[in-house]
Amino acid sequence: MAQGNSSTLNTTELMTGKDGKLFVEAGGVNVFLAEINEYKVSMNINSTEYQGVGSIIVGTVPTGVTFDLTFTEAVIRDDLIISPLLKAIANGYVPVYNFQGLMQKPDSSSEERLTLNNAMPNGTIDLQSLTPGEVVKRQQSFRLNSIPKLISEMAAKYTY
């Protein structure tokens, strides 16, 4: 536990990209997407400015929040995301996906797990993107229509 302002972080607790995983729900089961080499969950707080009469201060008023999930995958299968997406669009609707993001301490002592539910495909989704001499990859983007929830929270274990 931290002890005042003199505590320092033990770097053995620092994580890298190898300490994370992304899962997608398929048939009621969370499936690890081992082909993902990078993903990002971000929050954007939207606001508008307001300046009252007689005030030099321009204030910020929050108006809403959006959450996005973006990732890049090496193409090895279509069955979990692309095939259901194209079939649904052919039937006149856009499907909803549920994901989970995981970051785990290198010694497995603690993890942070987020639910990323009600994810709608958003923006440009690569179907095929090839470059000679490189691994075939797809970039995908989803807007989350639910606030991410922490299933498990992470805390610092070693601070001095």
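Let me start inside the protein, with the largest cavity, which is lined by Leu 33, Glu 35, Glu 73, Arg 77, Asp 78, Asp 79, Leu 80, Ile 81, Ile 82 and Arg 138. Please keep in mind throughout that this is a predicted model. The space in this largest cavity comes to about 50 Å³, and by class its lining has four nonpolar, no polar and six charged residues.

Several of those charged residues also take part in salt bridges, so let me turn to these next. The count comes to six salt bridges. In one of them, the side chains of Arg 77 and Glu 35 meet with an N to O distance of 2.9 Å, and this pair links distant parts of the chain, since Arg 77 sits in the loop between β4 and α1 while Glu 35 sits in the loop between β2 and β3, 42 residues apart. Arg 77 counts as partly exposed because its relative accessibility is 28%, whereas Glu 35, at 9%, counts as buried.

Another salt bridge joins Glu 73 to Arg 138, with the closest N and O atoms 3.1 Å apart; here strand β4 holds Glu 73 and strand β7 holds Arg 138, and the two residues are 65 residues apart. Both Glu 73 and Arg 138 are buried, and salt bridges with shared partners join Glu 73, Asp 78 and Arg 138 into one network.

Finally, what lies on the surface? Met 43, which is found in strand β3, counts as exposed because its relative accessibility is 53%.

Definitions and conventions
Residues are numbered from 1 along each chain as its sequence is written. This is a predicted model: local features need pLDDT of at least 70, side-chain atom pairs count only at pLDDT 80 or more; totals for chains, interfaces and linings use all residues. Side-chain values use heavy atoms; hydrogens and water are left out. Helices (H or I, at least four residues) and strands (E, at least two) are DSSP runs, numbered from the N terminus. Buried means under 20% relative accessible area, exposed over 50%, partly exposed in between (1.4 Å probe, protein chains only). On a 1 Å grid over the protein atoms alone, a cavity is a set of points where a 1.4 Å probe fits but cannot get out, and a pocket is an open set with protein on both sides within 12 Å along at least five of seven lines; lining residues have an atom within 4 Å of a point. Grid points are joined across faces, edges and corners, and a volume is the space filled by probe spheres set on the points. Ala, Val, Leu, Ile, Met, Phe, Trp, Tyr, Cys and Pro count as nonpolar, Asp, Glu, Lys and Arg as charged, and the others, Gly among them, as polar. A salt bridge is a side-chain nitrogen of Lys or Arg within 4 Å of a carboxyl oxygen of Asp or Glu.
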